[in-house]
Amino acid sequence: MSSSTTASGVDPIADAAPLSLCAREPHVPADRLVAEMVPPPRFDSVRFSTYIPDPNQPSQTEAVQVLESFAAGLGGAHATGAGRRGFLGLGRAKAPKTPACPRGVYLDGGYGVGKTHLLASLWHATPAEPSLKAFGTFVELTNLVGALGFQQTVQTLSGHRLLCIDEFELDDPGDTVLVSTLLGKLVDAGVALAATSNTLPGKLGEGRFAAADFLREIQGLSAHFRALRIDGEDYRHRGLPEAPKPYSDEQVTKAAYATPGASLDDFPHLLDHLARVHPSRYGALTDGLKAVCLTGVTPIPDQSTALRLVVLADRLYDREVPMLASGLPFDQLFSEEMLKGGYRKKYFRAISRLTALARDAKRLVES
């Protein structure tokens, strides 16, 4: 593309036009879903030693100590780990019964207290090959079941030493039963479990602790989990400046053209496109992006659209992709009714993460 003036009246200052999320329709094979069950790029380098506990919250220090001990205890041979055959794990010997002691930990705390940091640190600290450890969100796990089928998913994960599940979805009863049944099979196979979760609908306060809800919903599995309470405030707001105000369309467009690997899309058009792409593909949708630039951010029109945006926000946050936008501030995306409803925990998490990505994007305009 030449450097002629664009339709928006902006003179681009890069030779190539920005990418477009709306032009992408990724296909994700099932084996990629399995191979990518590792901590996201944002948590590649996190370790227990890089988690900085709030000195006013002793439960954070205690959680690190317990998790370090839990990881060290997973160093023994896994009866099903030997003899893995292919990524689907066919031909594996029957596992022994699980020991009476807890084989799982549940990180119990509000959003932004570092639960995912600790969960990823546990994955990294567990002494096993990456192929014997799995890490994913609840949504990614249900997508795996959808792609492989229930029995094949059990066979695939039964040889693992550890399965970490971030943001266990207590607000979806059907999927909760599905995953709880899956976890029961994996516990029987000797797989250790670790999880975080959101709160159930109807709970007052998005930071309310959910251990009782989690243990009740997983029913027969509750005896296998030790709950670790992690108190604290959203670390993304500790001593950080307010989120930057939205920029103008012209500023966003100029930044998109000036940033190699950036995408540029109209926000309402992107929302329409997300409805045509399965959420399991949102990670692939963001492959290779260095920044997401959006013009004309408007309020989210309905809950289905809002939930899709939450998934996209999670994938962008995991990959540390800054987000530059014009229009409405991100803290005004969701209606008051949404923020008081059953999915409010997800919406507050999305606001928190989008705000963090907006802070990261300031350099695109200021450089």
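The structure is a predicted model, in which local features need pLDDT of at least 70 and side-chain atom pairs count only at pLDDT 80 or more, while totals for chains, interfaces and linings use all residues. Residues are numbered from 1 along each chain as its sequence is written, and side-chain values use heavy atoms, with hydrogens and water left out.

Please select residues 104-108, which form strand β1. Helices (H or I, at least four residues) and strands (E, at least two) are DSSP runs, numbered from the N terminus. Five of the five residues of β1 are buried, so the strand is largely enclosed by the rest of the structure. Here buried means under 20% relative accessible area, exposed over 50%, and partly exposed in between, with a 1.4 Å probe and protein chains only. In a regular strand the side chains alternate between the two faces of the sheet. In β1, G104, Y106 and D108 point one way, whereas V105 and L107 point the other way.

Two strands pair if DSSP finds at least two bridges between them. Strand β5 (residues 225-229) is also parallel to β1, with five bridges; the bridge partner of G104 in β5 is F225.

Now extend the selection to strand β3 (residues 162-168), which five bridges join to β4 in a parallel run. I165 stands opposite A195 in β4. The whole open sheet has five strands in the order β2-β3-β4-β1-β5, with parallel pairing. Its edge strands are β2 (133-137) and β5, each of which pairs on one side only. Neighbouring strands are turned by 15 degrees against each other on average, direction ignored.

**Second stop: helices beside this sheet**

Select helix α2 (residues 58-72), which packs on the sheet and touches β1, β3, β4 and β5. Its direction makes about 150 degrees with that of β5. Axes are lines fitted to C-alpha atoms, for helices over the stretch in contact, and angles run from 0 to 180 degrees between N-to-C directions.

Then select helix α3 (residues 115-125): nine of its 11 residues are buried, so this helix is largely enclosed by the rest of the structure. Among the buried residues are K115, H117 and W123. The buried residues of α3 pack against α2, β1, β2, β3, β4 and α13.

Which strand holds S263? S263 lies in β6 (residues 262-266). At 0% relative accessibility, S263 counts as buried. Leaving aside neighbours within four places in sequence, S263 is in contact (heavy atoms within 4.5 Å) with residues including P18, L21, A256 and C293.

Strand β7 (residues 291-297) pairs with β6 in the parallel sense over five bridges, and D266 stands opposite T295 in β7. The open sheet here has three strands in the order β6-β7-β8, paired in parallel. β6 and β8 (323-327) stand at the edges with a single partner strand each, so one side of each is left without a neighbour in the sheet.

**Last stop: two crossing helices**

Finally, select helix α11 (residues 303-318) and helix α13 (residues 344-360), whose axes come within 9 Å and cross at roughly 45 degrees. Among the residues meeting here are L307 and V310 in α11 and Y347 and L354 in α13.
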